[in-house]
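Good morning, and thank you for coming. Please look at the sequence and the model on the screen while I take you through them.

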Amino acid sequence: MKWEYERCHAPRCRGRRNIFGYHVPDEIWKRVVPKKLRGRSVCLTCFDEMAQRKGVKYLRWMRMILLVGHGNQAAIFSRRKSEKGK
Ligand SMILES: [Zn+2]
């Protein structure tokens, strides 16, 4: 079976594969990611750069980071919604 990587759609990556999946609340996603990219995937590196440009400190809202490796994926960070880290 062929493993499909998610690809980053931000211009600087131009379709490079995205090996880190992550999850942030919709509110943060909308504040950080420009409209034209919202329905697509954006890698963590690009997301971080966009957040920096907009001055959004998203890390305390980050709920999950996944390593999406060849043929499998594993959580490397995850916390429940109710926990709000600093
Ligand atoms: Zn990217």
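Predicted model: local features only at pLDDT ≥ 70, side-chain atom pairs only at ≥ 80, totals over all residues.

Residues are numbered from 1 along each chain as its sequence is written.

The term pLDDT denotes the predictor's confidence in each residue, from 0 to 100. The protein chain has an average pLDDT of 88, and 88% of the residues score at least 70. Confidence is highest in α2, at 97, and lowest in strand β1 (residues 6–7), at a mean of 88.

The protein chain holds two helices and five strands. Both kinds of element are DSSP runs numbered from the N terminus: helices are H or I, at least four residues, and strands are E, at least two. Starting at the N terminus, the order of elements is β-β-β-α-α-β-β.

Let us consider the sheet. Three strands form an open sheet in the order β3-β4-β5, with antiparallel pairing. Its edge strands are β3 and β5, each of which pairs on one side only. From one strand to the next, the twist averages 25°; here axes are lines fitted to C-alpha atoms, for helices over the stretch in contact, and angles run from 0 to 180 degrees between N-to-C directions. Two strands count as paired if DSSP finds at least two bridges between them.

Strand β3 (residues 20–23) joins strand β4 (residues 64–69) over four antiparallel bridges. Within this pairing, Gly21 has Leu66 as its bridge partner in β4, and Tyr22 has Ile65.

Which residues make up the largest nonpolar core? There are eight: Cys8, Ala10, Val32, Val33, Val42, Cys43, Cys46 and Phe47. Such a core is a set of buried Ala, Val, Leu, Ile, Met, Phe, Trp, Tyr and Cys residues joined through C-beta atoms within 7 Å. A residue is buried if 20 or more other C-beta atoms lie within 10 Å of its own, exposed if 12 or fewer, and partly exposed in between, with C-beta atoms placed from the backbone. Of the 86 residues in the protein chain, 12% are buried.

Cys46 contacts Cys8, Ala10, Arg12 and Cys13, leaving aside its neighbours within four places in sequence. Contact means that the C-beta atoms of two residues, placed from the backbone, lie within 7 Å.

Thr45 is found in helix α2 (residues 44–54). Thr45 counts as partly exposed because it has 15 C-beta neighbours inside 10 Å. Its C-alpha atom is 9.3 Å from that of Asn18, 27 residues away along the chain.

Arg40 lies in the loop between α1 (26–32) and α2. Is Arg40 buried or exposed? Arg40 counts as exposed, because it has 12 C-beta neighbours inside 10 Å.
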